[in-house]
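Student: I'm new to this one. Could you walk me through it with some questions and answers?

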Amino acid sequence: MILDAVDFLVKSIVRNPDDVRVTKRPGRRGPQLNVVVHPDDLPRVIGRHGRTAEAIRTVIDAIAREDVHVNFVDVAPRS
């Protein structure tokens, strides 16, 4: 449910929605969601002074049943 919500929110604001990937991995303080977007879309997702990213995190915190950390990246994370 949380993955779908993040996916929906991010795809609704980017210009390349097919490039959006949301993955979940366990973290020390709860799950971490990594949101990968096209490099040209990263400024749209972050927003001015991080306002858009913070708004997305606020929505996710409101609907999540646990502490979730959301990371936004413009390239696939390396293993």
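**Surface, helix and loops**

Tutor: A patch takes residues with over 30% relative accessible area and no salt bridge, joining like charges within 9 Å and nonpolar side chains (Val, Leu, Ile, Met, Phe, Trp, Tyr) within 5 Å. This is a predicted model: local features need pLDDT of at least 70, side-chain atom pairs count only at pLDDT 80 or more, and totals for chains, interfaces and linings use all residues. Residues are numbered from 1 along each chain as its sequence is written, and side-chain values use heavy atoms, leaving out hydrogens and water.

Student: Where is D61 found, and is it buried or exposed, or in between?

Tutor: Buried means under 20% relative accessible area, exposed over 50%, and partly exposed in between (1.4 Å probe, protein chains only). D61 is found in helix α3, residues 51–63. Its relative accessibility is 44%, so D61 counts as partly exposed.

Student: Which residues make the nonpolar surface patch?

Tutor: One member, V59, lies in helix α3. V59 has a relative accessible area of 38%, so it is partly exposed. The patch covers about 290 Å² and is made by M1, V59 and I63.

Student: Which side chains meet in a salt bridge?

Tutor: A salt bridge needs a side-chain nitrogen of Lys or Arg within 4 Å of a carboxyl oxygen of Asp or Glu. Searching the whole structure turns up one. Its N to O distance is 3.4 Å, and the side chains are those of K11 and D7.

Student: Why are K11 and D7 separated by about one helical turn?

Tutor: An α-helix has 3.6 residues a turn, so residues three or four places apart point the same way. Both K11, at 34% relative accessible area, and D7, at 22%, are partly exposed. The pair sits about one helical turn apart because K11 and D7 are four residues apart in helix α1 (residues 2–11).

Student: What arc do the buried residues of α1 fall within?

Tutor: The buried residues of α1 are I2, A5, V6 and V10. Looking down the helix axis, they line one face of α1, because they fall within an arc (of the directions from the helix axis to the C-beta atoms) of 120°.

Student: What separates the C-alpha atoms of V70 and V22?

Tutor: V70 is found in strand β3, residues 69–73. With a relative accessible area of 1%, V70 is buried. V70 and V22 are 48 residues apart along the chain, and their C-alpha atoms are separated by 9.6 Å.

Student: What is the phi of H49?

Tutor: H49 has its place in the loop between α2 (42–46) and α3. H49 is exposed, with a relative accessible area of 76%. Although it is not a glycine, H49 has a positive phi of about 55°.

Student: How far apart in space are D18 and R57, C-alpha to C-alpha?

Tutor: D18 lies in the loop between α1 and β1 (21–25), while R57 is found in helix α3. D18 is exposed at 65% relative accessible area, whereas R57 counts as partly exposed at 25%. They are 39 residues apart in sequence, and the C-alpha to C-alpha distance is 21 Å.

Methods: Helices (H or I, at least four residues) and strands (E, at least two) are DSSP runs, numbered from the N terminus. Accessible areas come from the Shrake-Rupley method with a 1.4 Å probe; for residues, only the protein chains shown count as cover.
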